[in-house]
Amino acid sequence: MKKVLIWDLFPRLNIGGPLGYLYNVRQYLLEHPAEQITFFTDLVLEKHGEAEWLQPTSPFSGEPKTRLGQLWRRIAGIYYTSVMPFRGLEFRVPKDIKIDEYDFVHIHQVTHFQQFKQIFPDYKGKVIITSHSPCPFSDELVERSVSEKAKLYKWYKRVKPSINRYLISKECEAYDKTDLVMFPCAGAREPYEKNEKMRKAFA
């Protein structure tokens, strides 16, 4: 019997998107248990009583007093909220998690691919990524990381192309390295294929 581990580094909230999707899948499995499906956070809790991963803390403290400092803070803020997710996070995961007992690991946000590979670099099974974003997730990250006011600034217009190129390259890298990419429906893939790099990643 094949076993799948659902990578659920999300708050358990029924609010739509991947959070709501996984919340409802887990609620269903609580009522209809299936031994071949396990949520990662449940696995950690079962073995150790509490999840022990560490979320990164913001490197910023206080308010900058100069215009240059304010500019740096804005640019660094965009980097921290939009680029950092693709660089992986530092986690303290129990060493006795036997990840190779699972034939598949199912990831539901592309940025979590790097997190998983950082924690379990030698995993021998198959990795699946399901995208729940209506557009490339890198586009969504940039849009939600910057205020409407900031989008009007010249400095933002200068740095945005570089940020976009980096994020697209990291998203494509994840899709290229994973074993299977899934979408909720065939039409959900179309916005991704409008980007040339994305088309090549899916080829």
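Two strands count as paired if DSSP finds at least two bridges between them. Helices (H or I, at least four residues) and strands (E, at least two) are DSSP runs, numbered from the N terminus. The model is predicted, so local features need pLDDT of at least 70 and side-chain atom pairs count only at pLDDT 80 or more, while totals for chains, interfaces and linings use all residues. Residues are numbered from 1 along each chain as its sequence is written, and side-chain values use heavy atoms, with hydrogens and water left out.

On these terms, 5 strands form an open sheet in the order 2-1-3-4-5, with parallel pairing. Strand 2 (37-39) and strand 5 (180-182) are the edge strands, each pairing on one side only. From one strand to the next, the twist averages 25°; axes are lines fitted to C-alpha atoms, for helices over the stretch in contact, and angles run from 0 to 180 degrees between N-to-C directions. Helix 1 (residues 17-31) packs on the sheet and touches strand 1 (4-7) and strand 2, where contact means heavy atoms within 4.5 Å. The direction of helix 1 makes about 125° with that of strand 2.

The charged side chains come next. A salt bridge is a side-chain nitrogen of Lys or Arg within 4 Å of a carboxyl oxygen of Asp or Glu. By this rule there are 6 salt bridges.

In helix 8 (residues 196-202), Glu-196 and Lys-200 lie 4 residues apart, about one turn of the helix. They form a salt bridge whose closest N and O atoms are 3.7 Å apart. Glu-196 is partly exposed at 49%, and Lys-200 is exposed at 58%.

Salt bridges that share partners also join Lys-170, Glu-173 and Lys-177 into one network. Within it, Glu-173 bridges to Lys-170 with the closest N and O atoms 3.1 Å apart. Both residues lie in helix 6 (residues 154-177), 3 residues apart, about one turn of the helix. Lys-170 is buried, with a relative accessible area of 16%, whereas Glu-173 is partly exposed at 28%.

Another salt bridge links Glu-193 with Arg-189, the closest N and O atoms being 2.5 Å apart. Glu-193 is partly exposed at 27%, and Arg-189 is partly exposed at 33%.

Methods: Buried < 20%, exposed > 50% of the residue type's maximum accessible area, 1.4 Å probe, protein only.
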